[in-house]
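Welcome! Open your viewer, get your selection tool ready, and let's take a short walk together.

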Amino acid sequence: MPRRWWSPSFATARSPRRSARSGSSRPSMGAAVRRRATSTRGSDAMARRLALDIGATTVTARFRGGHGGSQTVLFDGAPSFPAAVCFDGNGACAGAAALAAGAGDPASYAGSPLTAVLSAQLRYGGVERDPAELLMPVLSLALAHARDLDAQPPESISCVVPLGAMERLRAPMSMAARSLGLPDPSLIPEPVAAVLHATGGRGLPSGGTGVIVDAGGSAMEVTVLRGTGSGAPVIVADHSDRALGGDDVDARILAWLGAFLDRDNPPLAAALRAETNRTLLASLRDEVRRAKEDLARLPETEIAVTTLRGHGTVRLPRADLDRILADWSAGARALLARTLSEAGLPANGSVGCFVIGGGAHVPVLGPALAPIARLTFAHEPLTAAADGALIADDEVLEAIGKMDEAPAGAVGKRGPGAVKPPAMPKIPAMPKMPSAPAASPFLARTDPVAPLFPPGPPVPDEFVRFWPGASHIAAEDADGTVWQWGELATLALVTKPMPPRPVAGVAGPVVAASSGESFTVIVDAHGGATAWGPNESNQLGASTTPVPKDAAVRPVLPATVTDVSCGTSHALAVTSDGHVLSWGLPLGGRLGNAAPMDIAPQAPKPVTYNVRDIVAVAAGRNHSLALDESGGLWGWGRDNRGQLGGAAGRGSPYPMRLPTSVPFATIVAGKDFSLAIDGEGAVWSWGRNDRGQLGLGGPATRDGAGRVHLPAPAIRVFAAQGHAGAILVDGTLVTWGANDHGQLGFPGALRSFSTVPRPVTLPGGATAAGAGGGGGYSACLTDDGKIFTWGEAYHGIDGSAARGTGGHVPVQLAGQPRNLPGHNN
């Protein structure tokens with residue numbers, strides 16, 4: 001009879017699909033992995049999904065792109081990052097950055113935000129935090145690294161949570177996700193996610209029984225589940241023991257190590273006990289983890305011990321490890337036997353169990369549990385739960401969201417050392433966004449929502465210029481008043497779309513302006529600047545955080561300026577004497593004046609006086625361009641996608657002259673790609689091309705400029721995150737690149753794109769005077785001052801102050817008077 005981790009012992013009839021299996025000693029894993037690409041159904045098969053497993057000590061994530069393939073999200077090359085958060089005056093950080101920041105400010109450091117939320121320990125940095133504040137940095141960090149796999153945001157989020165915690169975590173997880181512009185996440189208890197992983201996303205057959213052993217870092221948990229017709233299992237029995245986690249294994253090895261050094265090397269033992277250097281202590285813990293994994297395949301290994309006062313190595317044989325963990329092994333056997341017995345299952349080695357968690361690598365675990373049950377280990381135990389959350393069908397996720405997490409026998413988690421967390425403090429419900437009636441999908445675009453914002457002044461008949469950003473738009477009307485709408489999505493923990501409103505404290509007329517990721521900088525007629533938005537990376541050029549956060553501030557500039565360009569988290573400006581200023585986050589060398597390893601936000605200062613006679617600048621995500629009066633080009637920052645025009649590589653933290661075959665007149669920078677117009681109106685492009693954003697076809701990266709084939713010369717060009725466009729001499733707007741949300745002006749689909757420029761049909765035969773775009777939308781300013789948007793509308797980019805669904809048809813700015821045929825008020 002084949003071995004399997006689940007059992008049909010409670011079923012009245014075996015599932016035909018299950019009973020046909022035979023042969024392999026691990027049938028559940030092999031078949032599930034091979035079927036994973038076909039485990040989802042319908043339109044969801046190609047939907048982008050980010051799945052996270054936020055544990056007590058580490059966080060793992062899996063991502064499914066629009067192409068249907070799934071990958072583990074890597075964090076600086078590792079499949080996990082520390083589940084830690086640290087608060088400071090500029091916000092919060094997570095992962096390794098939180099570990100480093102917490103060393104200097106322990107009162108602001110949460111080593112396990114999930115545990116802190118569940119235990120209502122919310123005071124950090126002298127402030128009582130909202131539970132969502134502890135979870136949002138973790139989700140943000142995972143999202144940032146997922147963007148390395150796919151530039152487009154995920155359309156669904158699944159989060160693995162401890163069993164019994166779904167209701168307490170639902171509200172804070174929802175608030176954290178919405179603050180990042182993401183949909184409400186589906187929550188999945190960890191043992192249920194493990195079942196989904198092992199069954200290719202389908203779950204247990206009705207009546208079938210499964211046993212999950214989760215060897216986590218903070219505890220070991222054993223859960224018995226029974227399948228139902230809905231896809232959401234019943235919890236039959238569940239027990240955990242906090243004295244059996246992977247961290248406890250490490251602590252036992254470290255205790256043995258101290259005793260060994262006391263006997264054989266007392267000076268090193270004394271130095272180790274006196275050591276306070278966090279880096280060295282973290283290195284020792286890493287050595288212990290590596291050693292226990294080595295002993296799963298080697299008879300012995302060595303542990304390096306390094307302190308500021310001395311160092312040495314200690315040999316650890318496998319036999320010694322067995323003795324060190326003898327009582328731990330006995331505890332694990334007792335936990336499994338107790339849970340099986342409570343579920344009415346025999347504890348004689350005949351029941352199959354599926355093992356997940358980082359502790360699955362502990363070499364004594366298999367031999368310890370073998371007398372009690374037959375074990376099947378997940379191929380990737382650390383990411384197994386996240387993978388289960390990734391591949392589950394939407395119908396299954398919906399059923400799981402409503403499941404009863406209490407064990408059928410009313411048994412809670414009472415393992416030795418376990419502590420039941422106190423009740424979660426009541427969290428106010430998120431305000432419900434108004435939705436449009438089904439009969440009119442564009443109604444939300446045309447009727448501003450009064451309950452969310454007080455009435456404002458009428459939207460102008462005409463705008464003369466506008467500056468689209470990632471999730472908001474700034475514009476100037478004919479009277480010189482500066483307006484904005486959309487969402488400053490990274491400004492605060494929770495934000496919401498804004499209707500068109502004048503920006504307080506900003507006076508026109510505007511000489512130049514640019515919008516980046518949730519921030520805008522304008523240049524006035526006196527050569528000064530005004531900026532608003534988030535300032536955690538000093539992208540506003542101001543030394544202090546604005547109060548309130550969305551207030552306009554005056555950047556402290558060392559010279560008067562004539563032009564500006566905003567990127568993701570940095571800005572560039574042209575001075576009156578033709579030099580370049582830069583400020584913001586220097587990562588990747590994008591500022592052109594910081595040492596390669598500098599990571600601290602920088603105040604405005606000159607790039608270098610070798611770069612002179614500059615007339616225009618362009619700031620991308622992590623690269624920068626400058627155009628001189630002769631049409632020559634300078635560049636600095638990252639060149640990993642060929643965005644600087646050289647062979648794709650590391651780039652340069654200092655400006656370098658870029659090779660160009662023709663003089664340019666206009667430059668723009670997008671997300672890892674660049675565009676330029678030459679003196680004859682030809683558009684050239686280079687850099688990232690995986691979504692057709694260069695308009696050239698060909699490989700995913702182009703390290704030399706290629707000419708975009710257009711039907712007429714271009715007078716303007718724009719570069720967004722994954723798409724681009726140009727305005728031709730006759731006022732026709734053409735677009736190319738990513739089209740997931742219809743941002744090119746024709747029906748889109750997941751992962752769809754066009755490498756060929758295509759014209760956009762504007763209502764009433766209007767012609768374009770300006771154009772731009774953001775993450776998944778496009779916008780156009782017509783010759784008669786009207787503004788149209790199309791594509792993604794989640795951030796209210798259409799001026800509706802609502803989270804719309806968007807579409808490929810251009811829609812006029814909400815509230816702006818219409819005078820186009822067929823577009824009456």
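This is a predicted model: local features need pLDDT of at least 70, side-chain atom pairs count only at pLDDT 80 or more; totals for chains, interfaces and linings use all residues.

Residues are numbered from 1 along each chain as its sequence is written, and side-chain values use heavy atoms, with hydrogens and water left out.

**A helix pair**

Select residues 190-198, helix α7, and residues 384-391, helix α14. Helices (H or I, at least four residues) and strands (E, at least two) are DSSP runs, numbered from the N terminus. The two axes are 7 Å apart, at an angle of about 70° (axes are lines fitted to C-alpha atoms, for helices over the stretch in contact, and angles run from 0 to 180 degrees between N-to-C directions). α7 and α14 are therefore roughly perpendicular (65 to 115 degrees). Now show the side chains of E190, A193, L196 and H197 on α7, which are in contact (heavy atoms within 4.5 Å) with α14 residues including D387 and I391.

Next, find the open sheet of 3 strands, ordered β7-β6-β8 with antiparallel pairing (strands pair if DSSP finds at least two bridges between them). β7 (91-94) and β8 (109-110) are at the edges, each with a single partner strand, so one side of each has no neighbour in the sheet.

**A helix with two faces**

Which residues of α9 (266-274) are buried? Select L268, A269, A271 and L272 (buried means under 20% relative accessible area, exposed over 50%, with a 1.4 Å probe and protein chains only). On the face turned away from the buried side of α9, look for the exposed P267 and R273.

Notes:
Angles under 35 degrees count as roughly parallel, over 145 as roughly antiparallel, 65 to 115 as roughly perpendicular and the rest as oblique.
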